[in-house]
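Please examine the sequence and the structure shown here, with attention to the charged side chains.

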Amino acid sequence: MVECEMIAGRRVLFVMAVDAEYGPHLKARFTPLLTGVGPIEAGIAMGATLHSLEARESLPDLVVSLGSAGSRRCPLGEIFQITSVSWRDMDATRLGFPKGVTPMVDHPVDIPLVTPLPLPLARLSTGANVVGGEDYAGIDADMVDMESFAIARACARYDVPLMGLRGVSDGPGDLNHINNWMELLGLIDERLAQAVDLLPGVLACTDG
């Protein structure tokens with residue numbers, strides 16, 4: 001079982017998708033929950049972990065979801081704080097629901113996240129497909145990933161605040177091999193670690 005990190009007197013749970021994104025700079029700072037790839041794996045892992053922590057009366061005060069993302073609007077290698085996350089796979093418009101809203105569930109199209117750090121902001125879209133090429137034209141968000149919406153829904157179930165940090169690993173050109181995605185992960189690891197280093201000062205100044 002992954003434990004929360006204690007930062008400025010707060011329990012913080014770090015969440016990532018896969019070990020490939022968890023480089024030496026981040027390894028020097030925390031041990032994350034690794035969910036696996038995609039919204040199904042992320043939802044299962046996040047929900048099970050929060051359930052277990054709740055049973056031990058150890059729910060986190062903050063969840064930090066971090067890793068890579070694709071974008072054609074945000075510069076490669078740069079780190080962004082996520083203002084909101086949507087689910088591009090969900091489409092029940094034939095039943096009268098807005099695109100991105102789960103039928104019979106009360107959530108907005110864009111779920112807002114907490115943004116305590118002094119970093120550039122971006123909107124994120126989660127889905128089960130690897131986005132590339134002209135796929136970006138149909139996505140109303142700055143960045144894309146495959147896990148954050150599921151993590152946000154699990155956090156909402158347990159009333160735990162969620163913060164998102166994403167580094168842009170791909171987007172320009174076409175993504176047609178895993179090596180294209182992995183090329184910038186070392187740089188993103190270093191820059192995400194610098195963002196994480198801002199947390200103690202921010203959390204120490206936050207009430208609650």
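**Salt bridges in the predicted model**

Asp110 and Arg123 form a salt bridge, with their closest N and O atoms 3.4 Å apart; the term denotes a side-chain nitrogen of Lys or Arg within 4 Å of a carboxyl oxygen of Asp or Glu. This pair links distant parts of the chain, 13 residues apart, with Asp110 in the loop between strand 5 and strand 6 (111-112) and Arg123 in strand 7. Strands (E, at least two residues) are DSSP runs, numbered from the N terminus.

The model is predicted: local features need pLDDT of at least 70, side-chain atom pairs count only at pLDDT 80 or more, and totals for chains, interfaces and linings use all residues. Residues are numbered from 1 along each chain as its sequence is written, and side-chain values use heavy atoms, leaving out hydrogens and water.

**The network around Arg123**
- Arg123 also meets Asp140 in a salt bridge of 3.5 Å, N to O.
- Asp140 lies in the loop between strand 7 and strand 8 and Arg123 in strand 7, so the pair ties together parts that are 17 residues apart in sequence.
- Shared partners join Asp110, Arg123 and Asp140 into one network of salt bridges.

**Accessibility**
- Asp140 is exposed, at 56% relative accessible area (exposed is over 50%, buried under 20%, partly exposed in between; 1.4 Å probe, protein chains only).
- Asp110 is partly exposed at 27%, as is Arg123 at 23%.

**The wider count**
- The whole structure holds seven salt bridges.
- One of the salt bridges joins the side chains of Arg73 and Asp142 (3.2 Å, N to O).

Technical notes: Helices (H or I, at least four residues) and strands (E, at least two) are DSSP runs, numbered from the N terminus.
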